[in-house]
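Please walk me through this structure in plain paragraphs, from the surface to the core and then to the backbone.

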Amino acid sequence: FDFTDDGLHFSYELLPPVSSISPDTGSVLGGTDVVVLGQDFLPGAQLGCRFDTLIVPAQFISSEKIICTSPPHAEGTVLLSVSNNGVDFAPTGALFLFIPHLTIFNLTPTQGSQSGLTPVTI
């Protein structure tokens with residue numbers, strides 16, 4: 001038998017393809033808000049982004065736009081893909097580059113002309 005009368009429902013949903021992300025780089029410490037453009041995004045608690053194997057929640061903006069915050073991850077390029085149900089991720093996505101976190105210890109001078117062209121040493 002391929003049916004049931006117990007009242008349980010199962011729905012089929014399209015896997016949401018990603019067309020672009022911005023920015024496409026962020027710190028290995030995480031915390032970069034990434035705007036993800038695509039289609040077939042659905043609002044709900046299970047909407048999420050997967051950076052390599054790490055899944056983070058997504059903020060639903062529209063069926064074509066969501067925002068995900070990158071998690072901490074080792075340096076390197078990973079695939080970012082999206083899921084509407086937290087389980088099934090589209091097999092394609094966009095590449096996101098985790099880069100080393102930089103710390104600036106000194107900045108000279110600390111002010112300059114509004115017209116620009118002030119040489120700055122970092």
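Isoleucine 122 lies in the segment after S8; strands such as this one (E, at least two residues), like helices (H or I, at least four), are DSSP runs numbered from the N terminus. Isoleucine 122 is exposed, with 70% relative accessible area. On this scale buried means under 20% relative accessible area, exposed over 50%, and partly exposed in between, with a 1.4 Å probe and protein chains only. Together with Ile104, Leu107 and Val120, Ile122 makes a nonpolar surface patch of about 410 Å². Patches take residues with over 30% relative accessible area and no salt bridge, joining like charges within 9 Å and nonpolar side chains (Val, Leu, Ile, Met, Phe, Trp, Tyr) within 5 Å. A salt bridge here is a side-chain nitrogen of Lys or Arg within 4 Å of a carboxyl oxygen of Asp or Glu. Accessible areas come from the Shrake-Rupley method with a 1.4 Å probe, and for residues only the protein chains shown count as cover.

The model is predicted: local features need pLDDT of at least 70, side-chain atom pairs count only at pLDDT 80 or more, and totals for chains, interfaces and linings use all residues. Residues are numbered from 1 along each chain as its sequence is written, and side-chain values use heavy atoms, with hydrogens and water left out.

Next comes the interior. In soluble globular proteins, nonpolar side chains tend to be buried together. The largest nonpolar core here has 18 residues, and those with the most contacts inside it are Ile21, Val36, Cys49, Phe51, Ile66, Leu80 and Val82. At least two residues of this core come from each of strands S1 (18-22), S3 (33-38), S4 (48-51), S5 (54-62), S6 (65-69), S7 (76-83) and S8 (94-99). Such a core is a set of buried Ala, Val, Leu, Ile, Met, Phe, Trp, Tyr and Cys residues joined through side-chain atoms within 4.5 Å.

Leaving aside neighbours within four places in sequence, valine 36 is in contact with Val18, Ser20, Ile21, Phe41, Cys49, Glu64, Lys65, Ile66, Leu80 and Val82, where contact means heavy atoms within 4.5 Å. Leucine 37 is also in strand S3, but at 35% relative accessibility it counts as partly exposed. The C-alpha atoms of leucine 37 and serine 19 are separated by 5.6 Å, with the two residues 18 apart along the chain.

The structure holds three aromatic pairs. Phenylalanine 51 and phenylalanine 96 form one that is edge-to-face, 5.4 Å centre to centre with 85 degrees between the planes. Phenylalanine 51 lies in strand S4 and phenylalanine 96 in strand S8, so this pair ties together parts that are 45 residues apart in sequence. Phenylalanine 96 also forms an edge-to-face pair with phenylalanine 98, at 4.9 Å centre to centre and 75 degrees between the planes. Rings of Phe, Tyr and Trp (its six-membered ring) pair if their centres lie within 6.5 Å; planes under 30 degrees apart count as stacked, over 60 as edge-to-face and the rest as tilted. Phe51, Phe96 and Phe98 form one aromatic cluster. Relative accessibility is 0% for phenylalanine 51, 0% for phenylalanine 96 and 0% for phenylalanine 98.

Which residues does threonine 32 contact, leaving aside its neighbours within four places in sequence? They are Pro23, Thr25, Gly26, Ser27, Cys68, Thr69, Ser70 and Phe96. Threonine 32 lies in the loop between strand S2 (25-27) and S3 and is buried, at 16% relative accessible area.

Most residues other than glycine have a negative phi, and most peptide bonds are trans. Serine 22 and proline 23 are joined by a cis peptide bond, with omega about -5 degrees; proline 23 is in the loop between S1 and S2. The bond from threonine 108 to proline 109 is also cis, with omega near -10 degrees, and proline 109 is in the segment after S8. Aspartate 52, in the loop between S4 and S5, has a positive phi near 60 degrees and is partly exposed at 39% relative accessible area. Leucine 117 has a positive phi of about 70 degrees; this residue lies in the segment after S8 and is exposed, with a relative accessible area of 85%.
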